[in-house]
Amino acid sequence: MQTVISARTYADFTAQATFEVKKCDTHKLDEAPATEVVMTREEGLQYYRTMQTMRRMELKADQLYKQKIIRGFCHLYDGQEACAVGIEASINLSDHLITAYRAHGYTYTRGGTVKEIMAELTGRRGGIAKGKGGSMHMYCKNFYGGNGIVGAQVPLGAGVALACKHQGRNELCVCLYGDGAANQGQIFETYNMAALWKLPVIFVCENNRYGMGTSVERAAASTDYYKRGEFIPGLRVDGMDVLCVREATRFAAEHCRSGKGPILMELQTYRYHGHSMSDPGVSYRTREEIQEVRSKSDPISMLKDRMLSNNMASVEELKEIDVEVRKEIEDAAQFATTDPEPPLEELCNHIFYNNPPLDVRGTHPWSKLKSVS
Amino acid sequence: MDEELERDERVFLMVEEVAQYDGALQVSRGLWKKYGDKRISTLPFLRVRILIMWRSGGSGGGLLLFKTGPSLPLFQAGLRPICEFMTFNFSMQAIDQVINSAAKTYYMSAGLQPVPIVFRGPNGASAGVAAQHSQCFAAWYAHCPGLKVVSPWNSEDAKGLLKSAIREDNPVVFLENELMYGVPFEMSEESQSKDFTIPIGKAKVERPGSHVTVVSHSRLVGHCLDAAAVLAKEGIECEVINLRTIRPMDVESIEASVMKTNHLVTVEGGWPQFGVGAEICARIMEGPAFNYLDAPVTRVTGVDIPMPYAKILEDHSVPQIKDIIFSIKKTLNV
C-alpha cells in the first residue's frame with residue numbers, strides 16, 4: 001500500500017469507527033453476521049483503492065472494447081465491486097475461489113495485476129494467460145477462473161473444496177455463480193454432494209437481478225436464492241455494502257472452517273453495464289433503474305461517504321487515490337495496447353502437462369507444429 | 001422460421017432470451033411479438049442439462065424434452081419444437097438428451113415414438129470468443145445414428161434447409177454459423193417463395209471444375225470459392241462442392257466428382273481427428289472413386305488445439321484461403 005501524503009497529519013483522522021450494516025436474512029441458521037462492524041482507516045483506504053481500481057479498470061475495458069482493441073466477449077463487473085472486495089477481505093490468499101465469466105474483478109482481488117488483466121483482454125503475450133484465454137479465461141494461484149459455460153464452475157468449486165478437506169489445510173473454497181445459473185440442475189447436484197460430504201465451500205450467488213436479459217422474476221420460481229440450498233444454511237447479504245459482504249463472509253468462513261459443511265450467501269448486487277459489451281443493457285431494464293442504483297447504492301460512494309463523515313479520510317486524500325488509480329490504469333492500458341501479441345511458437349503449447357513434446361497437426365498435413373508442456 | 005410457424009401450428013420455438021433480448025443473435029427477432037407466448041417460449045439464460053420426462057398420453061405418448069437452458073418441451077400434443085442453442089458449445093450441457101432422448105428414441109421404441117425436433121444455433125469458431133465458445137460439433141453429432149445433421153452455407157441454404165429440417169419428422173441438428181449471419185447473398189426468385197425447400201442429404205456443386213474436387217461445408221465453402229477464383233487465374237479449375245448435409249452425407253456427389261477430377265481436398269473448420277474430412281476419406285476409399293484418385297486425399301482442417309484468444313493465434317488456428325490454395329497445389333503436385 002502506498003502512503004498518501006496529505007496536508008493534514010495522520011493523527012487528525014479517526015483510526016477506526018463502528019458502522020451499522022444491514023441485517024442479513026438467514027436460512028437454517030441460529031445466528032447471523034454482526035450488524036455493527038468495525039473498520040479501520042487503513043482497511044477503508046484499501047477497500048476504496050481496490051474498488052476504485054476495479055471500477056476504472058472495467059471502464060477502461062469498455063473503452064478499449066469500443067475501439068475494437070478488445071474483441072470477443074467482455075462481461076464487465078462495475079457496480080458489483082463490493083462483492084469481490086468484501087469476500088477477499090475475509091478470506092486468505094491461501095483459500096480458493098472460482099467464478100464464472102464476469103471475472104476481471106476477482107482476478108484482481110486474487111492477485112492478478114491490472115497490467116496482466118488488461119493485456120489478457122487485448123490478447124498480448126504479457127497477459128495473465130499469455131493471451132490464450134481472453135476475458136473469460138483468466139487464472140492465477142488459487143483462482144480457477146474465469147469460466148465460460150454458465151454454471152459449470154460450481155461443481156468444480158465443490159471439487160476444490162473436496163481437495164481442501166482431503167488435504168487438511170483448513171482452507172476453503174468460495175464458489176460463485178449468478179442468479180441465472182442458480183436455476184441449473186448441476187448447482188443442485190453440487191449442493192447435495194457438498195452437504196453430504198460437509199465440504200468447506202461457501203456458495204455465493206451474485207444476484208444482480210438479471211440473467212442476461214431475463215429478470216429474476218421471469219426466471220425463477222423462487223427468488224430467495226439464499227434458501228435454494230434448502231438443507232444448506234443461507235444468508236442474504238447486501239452486496240452493495242463492502243462491510244456487509246465482509247462480515248457475512250467472515251461468518252460464512254468460520255462456519256466452513258469449523259467443519260460444519262457448506263454455506264450459501266446470496267449477495268444482492270447490481271451491474272451497471274449490460275450482460276456483456278454486446279448488450280446495451282436497456283432493453284430489459286430502464287435507465288432510471290440504473291441511475292437510481294448508481295445514485296443511492298453505489299458501493300464506492302457508500303464507502304467514501306462513510307469515511308468522510310467519520311473523519312477517516314479527507315476529500316483530497318481520496319482524490320489522490322483516484323489520481324493514482326487513474327495513472328495505474330492508464331499505464332496498464334498503455335502496456336496492453338503496445339505489448340506484442342503472443343509468438344506463433346506458442347500456438348500449440350500447453351495442451352498437456354508434464355508430457356514429452358508432441359507434434360500437432362496444423363491446418364493441412366504438411367503443417368507439422370510443435371507442442372511443449 | 002416465420003413461414004414455418006405460420007404454415008403449421010404445431011411448430012413451436014424455444015429460445016433463450018428471445019422475448020425482451022430479441023434472441024442473443026437476433027435470429028428470432030420479431031417472432032415473439034408476432035406469435036406470442038404460446039408459440040414462442042422464451043427461456044431464461046440457463047443452459048442446464050435436459051431433463052427428460054416421458055409421459056404416455058392418449059394416442060401413443062408424448063415425449064417431453066425439458067431442457068432448462070435452450071430447452072425443448074415438446075410434442076405431447078404432437079408439437080414440433082425448434083430448440084435454439086445460443087451456440088452449440090452450450091449443447092454439450094444438454095447433449096445427453098440430444099443423443100439419448102432425441103436420436104435413439106424412434107429406434108428404441110421400434111417405431112412407436114417419432115421425434116420431430118430441430119436443434120439449431122451457431123456452431124464453430126467465431127471471432128475472439130476463445131476455447132469454450134469456438135468448437136465445431138459437426139463430427140460429434142454426425143457420428144450418431146438417428147440424427148440428421150445439416151450445415152448451411154449461404155442464405156438459400158439456410159432458408160431451404162431450415163424449412164426442410166422443420167418439416168422433417170426426425171431430429172435434425174442444424175449447424176449455423178455466427179459469422180455468416182450478417183453476410184448478404186443474392187436470392188433467386190424461386191428461393192424467395194414460402195414453399196422453397198432444399199432436400200436434406202443432397203450436396204450442391206457450387207462451382208464446376210475439372211482438376212480437383214474441393215468439398216466443404218458452412219462458412220468455409222466461401223473460402224473454397226475464393227481459393228478457386230485465385231487458382232483459376234493459374235489455370236487450375238476447382239470443382240467446389242457444398243455438402244449442405246453432413247449426415248446423411250451425399251457421398252455419391254463427391255464420388256461422381258472425384259471420378260471426373262481424380263483429386264480430392266476436404267476443407268472444414270473443425271478439428272482433424274475423427275472429423276468430417278476423415279469420414280469423407282474413409283468413404284471414398286470404400287467406394288468406386290478410390291481407383292480414380294491420382295493422389296491421396298488432403299484434409300484441410302482447424303489446428304488440433306483448443307481455440308486461443310489472441311488474434312494472431314486465432315487466425316492461425318483455422319484454415320485460411322492460402323492454406324486451401326497450398327493444399328490444392330500440393331495435392332495436384334504443382
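How much area is buried between chain A and chain B, and what share of that area do carbon and sulfur atoms give? Here are some notes to read beside this predicted model.

1. **The contact in outline.** About 4,100 Å² is buried between chain A and chain B, and carbon and sulfur atoms give 62% of that area. Chain A brings 52 residues to the contact, and chain B brings 48 residues.

2. **A salt bridge to find.** The count of salt bridges between the two chains is one. To see it, look for A:Arg71 and B:Glu314, whose closest N and O atoms are 2.5 Å apart.

3. **Polar contacts.** Across the interface of chain A and chain B, 14 residue pairs are in polar contact, both residues of each pair being at pLDDT 80 or more.

4. **Chain A's side.** Four elements of chain A give two or more residues to the side that touches chain B: helix H4 (114-121), helix H6 (185-196), helix H7 (216-219) and strand S11 (358-361). Of these, H6(A) supplies the largest share, three residues. By residue type, this side of chain A has 22 nonpolar, 22 polar and eight charged residues.

5. **A strand with two faces.** Now turn to strand S1 of chain A, residues 16-20, where the side chains alternate.

6. S1(A) pairs with strand S3 of chain A (residues 36-40) in the antiparallel sense, over five bridges.

Note on methods. Residues numbered from 1 in each chain as written. Chains lettered and ligands numbered in written order. Predicted model: local features only at pLDDT ≥ 70, side-chain atom pairs only at ≥ 80, totals over all residues. Heavy atoms only, no water. Contact = heavy atoms within 4.5 Å. Buried area = accessible area lost by both parts, 1.4 Å probe. Salt bridge = Lys/Arg side-chain N within 4 Å of Asp/Glu carboxyl O. Polar contact = N/O pair within 3.5 Å; in protein donor to acceptor, adjacent residues only side chain to side chain. Nonpolar A, V, L, I, M, F, W, Y, C, P; charged D, E, K, R; others polar. Buried < 20%, exposed > 50% of the residue type's maximum accessible area, 1.4 Å probe, protein only. Pairing = 2+ DSSP bridges.
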